[in-house]
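Student: Could we go through this model together? I'd like to ask things as they come up.

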Amino acid sequence: GGALTQAAGVALTSNVADIATGAGTVNLAGTANNFTTLNLSTTNTDASVVDTGGLALGTVNLGTGNFTLNTTNGNLTQTGALTSNVADITTGAGTATLTNAGNNFTSLDLSATNTDASVADTGGLALGTVNVGTGDFTLNTSNGTLTQTGALTTNVANITTGAGNLTLDNAGNNLTTAVLSTTNNATLVEANGLNLGASTVGGTLGLTVASGDLNISAPSSVG
C-alpha cells in the first residue's frame, strides 16, 4: 500500500474512520479532524493521527510500527486492542482510558494535562516520558516486566505487574503516592517526598526517595 497523507487545511470528518494502508505510512495531522471511532491497520509501518474532540479507538494494529495520537483535549477510550511498537499518546485536558486486555505495545509515552490515565498492556513494557500532572496514572502490564526510559509524573501511581518485575528507577520520577502490586520484585525511585499506599510485593522492594519524606500511608506486604 501507499503512504496516506493529508493536505494542509483539509479536515477528515466522519463517524467511523476505518483506514488500512498495508506497508504505507499514515499521517493524518489535520488539526480539524473529527471522527468518533478510529480503526487503523498498517503492516509494520508508522501512523500519526490528530483528532479534535473525544475519540474511541477500535482495533488499531501497526505491528512493529509506531503510533502517535493527539486527541487535542478530547477523552480517549477503546473498543478494540492497540498493537504497536511505541505508543505516543497526547490527550491534553482529556482523560486517557486504554484498558483493553489485548493491548500490546513495547513502549509508552503519555501526556495529559492534570487528568487521569489508565492503561493495560500485555507483555513487557518500557515507560517513556509519562506526564499526567496532578492526574492519577493506573497501569496493568498483565504479568509483563515493567521498565523505564523516561520520568513518570503523576499524583497517584497505581501500578500492577502481576508476575513481572516492576522497575521504576528514573531519577526524575515525581509522584505523590505509589500503590504497587507484583508477585515479583519492585524498585521505585522518587525525586521528592512519597506516600506508599497499600502495596503488595512478593519479592524484594527497593525504595529511594532523593529528597523529602517517605510516608507509609497504608499497610503493605513485602516478601
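Student: How many bridges join strand 12 and strand 15, and in which sense do they pair?
Tutor: In this predicted model, strand 12 and strand 15, the latter covering residues 152-162, pair in the parallel sense over two bridges. Within that pairing, Asn131 stands opposite Thr153 of strand 15.

Student: And what about strand 14, how many bridges there?
Tutor: Strand 14, made of residues 146-148, pairs with strand 12 over three bridges, again in the parallel sense, and the partner of Leu125 there is Leu146.

Student: How many bridges join strand 10 to strand 12?
Tutor: There are four bridges between strand 10 and strand 12, and these two strands run parallel; Ser107 is found opposite Ala126 of strand 12.

Student: Is strand 12 largely enclosed or open, and why?
Tutor: Strand 12, residues 125-131, has five of its seven residues buried, so the rest of the structure largely encloses this strand.

Student: Switching topic: which residues touch the most others in the largest nonpolar core?
Tutor: That core has 46 residues, and those touching the most other members are Leu38, Leu40, Phe67, Leu108, Leu110 and Phe137. Strand 10, which runs over residues 104-112, gives the most to this core, with four residues.

Student: What about the whole chain, how many helices and strands?
Tutor: The protein chain has zero helices and 23 strands. Its radius of gyration is 18 Å, close to the 17 Å given by the globule rule for 223 residues, so the chain is as compact as a globular protein of that length.

Student: And what share of the residues is buried?
Tutor: Of the 223 residues in the protein chain, 43% count as buried.

Conventions. Residues are numbered from 1 along each chain as its sequence is written. This is a predicted model: local features need pLDDT of at least 70, side-chain atom pairs count only at pLDDT 80 or more; totals for chains, interfaces and linings use all residues. Side-chain values use heavy atoms; hydrogens and water are left out. A nonpolar core is a set of buried Ala, Val, Leu, Ile, Met, Phe, Trp, Tyr and Cys residues joined through side-chain atoms within 4.5 Å. Buried means under 20% relative accessible area, exposed over 50%, partly exposed in between (1.4 Å probe, protein chains only). Two strands pair if DSSP finds at least two bridges between them. The radius of gyration is taken over C-alpha atoms; the globule rule is 2.2 Å times the number of residues to the power 0.38.
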